[in-house]
Amino acid sequence: MNKTSKKYLEKTKTIDTSKKYSFADAVKLVKGTAWAKFPESVDLAITLNLPSKKPDSIRGLVTLPNGTGKTMKVAVLSRGDKLKEAEQAGADVFGADDLIERISKGFLDFDVLLATPDMMPQVGKLGKILGTKGLMPNPKSGTVTNDIAKSIKEFKAGKLEYRMEKGGVVHLLVGKISFELEKIKENLAVALNAVRKSKPSSVKGSFFKSATISSTMGPGIKLDLREMETEE
């Protein structure tokens, strides 16, 4: 057994896998189960109670009050003055046909891709490349916009897109292990509430089947979602 497996198993022993933890206790545990030498993130995984598990059928935006702790790389596809606006607002990558060509050849060194509406006919040709990575600009995710400067600042400040993946699961980054307990807890509550608000009217009963948090390398910790019941 390798060292990684041993450390993981040691941390797993500190968790009662049959128990669902309060948000506060879960956050304490997730900080205690992180063991990697690099700064681990805190990840949230929500399994939705949906009859249809079609990817992207549930998607939206959430702004975490305490940010993600991750430096977001923002790329912009536009032309003319909008490219100047992107540069001035702090975009990491920006361009028009030249950037489209780079992406078509495999360049994906960014976390968010913004595009102005006029660029979408060309962006559509990149669907197979961007779609598999969850990077395809979409009006619903706020990534197709003419307000480039505002969008760049928002995404760099902690705005995230969430979307349902195969199997009905939504993954969200809710901070870093180095964050204070209350900041992680606050981000967690905001993320859960944002996804909950995406509940289709056709879904009866609870929208969430289960939810867990974990550090990047740590075991999953089940959340007691009854804390949200008073808000439903």
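This is a predicted model: local features need pLDDT of at least 70, side-chain atom pairs count only at pLDDT 80 or more; totals for chains, interfaces and linings use all residues.
Visitor: Why are α3 and α7 called roughly parallel to each other?

Guide: Helix α3, residues 81–89, and helix α7, residues 148–157, pack at an angle of about 30°, with their axes 8 Å apart. Angles under 35 degrees count as roughly parallel, and α3 and α7 are therefore described as roughly parallel to each other. The crossing of these two helices, α3 and α7, is right-handed.

Visitor: Which residues of α3 and α7 meet, and what makes up their contact by class?

Guide: On the α3 side the residues are K82, E85, A86 and A89, and they meet I148, A149 and I152 of α7. Sorted by class, the contact of α3 with α7 has five nonpolar and two charged residues, with no polar residues.

Visitor: Why are α2 and α8 called oblique to each other?

Guide: The packing angle of α2 and α8 is about 120°, and their axes are 10 Å apart. Roughly perpendicular covers 65 to 115 degrees and roughly antiparallel needs an angle over 145, the rest being oblique; α2 and α8 are therefore oblique to each other. In passing α8, helix α2 makes a right-handed crossing. From α2 the contact draws on F23, A24, V27, K28 and K31, and from α8 on L181, I184, K185, L188 and L192. By class, this contact of α2 with α8 has seven nonpolar and three charged residues, and no polar ones.

Visitor: How do you know that the span of helix α8 agrees with its 16 residues?

Guide: Helix α8 runs over residues 181–196, and at 1.5 Å a residue its 16 residues should span 22 Å, while its end C-alpha atoms are 23 Å apart, which agrees. The expected figure takes 1.5 Å times one less than the number of residues.

Visitor: Which residues of α8 are buried, and what do they pack against?

Guide: The buried residues of α8 are I184, N187, L188, A191, L192, N193, A194, V195 and R196, buried here being under 20% relative accessible area. These buried residues pack against helix α2 and against the strands β1, β2, β6, β7 and β8.

Visitor: Is Q88 buried or exposed, and how do you know?

Guide: Q88 is found in helix α3. Its relative accessible area is 72%, and since exposed means over 50%, Q88 is therefore called exposed.

Visitor: What separates the C-alpha atoms of Q88 and V74?

Guide: The C-alpha atoms of Q88 and V74 are separated by 13 Å, and the two residues lie 14 residues apart along the chain.

Notes:
Residues are numbered from 1 along each chain as its sequence is written. Side-chain values use heavy atoms; hydrogens and water are left out. Axes are lines fitted to C-alpha atoms, for helices over the stretch in contact, and angles run from 0 to 180 degrees between N-to-C directions. Helices (H or I, at least four residues) and strands (E, at least two) are DSSP runs, numbered from the N terminus. A crossing is left-handed if the near helix is turned anticlockwise from the far one by less than a right angle, and right-handed if clockwise. Contact means heavy atoms within 4.5 Å. Ala, Val, Leu, Ile, Met, Phe, Trp, Tyr, Cys and Pro count as nonpolar, Asp, Glu, Lys and Arg as charged, and the others, Gly among them, as polar. Buried means under 20% relative accessible area, exposed over 50%, partly exposed in between (1.4 Å probe, protein chains only).
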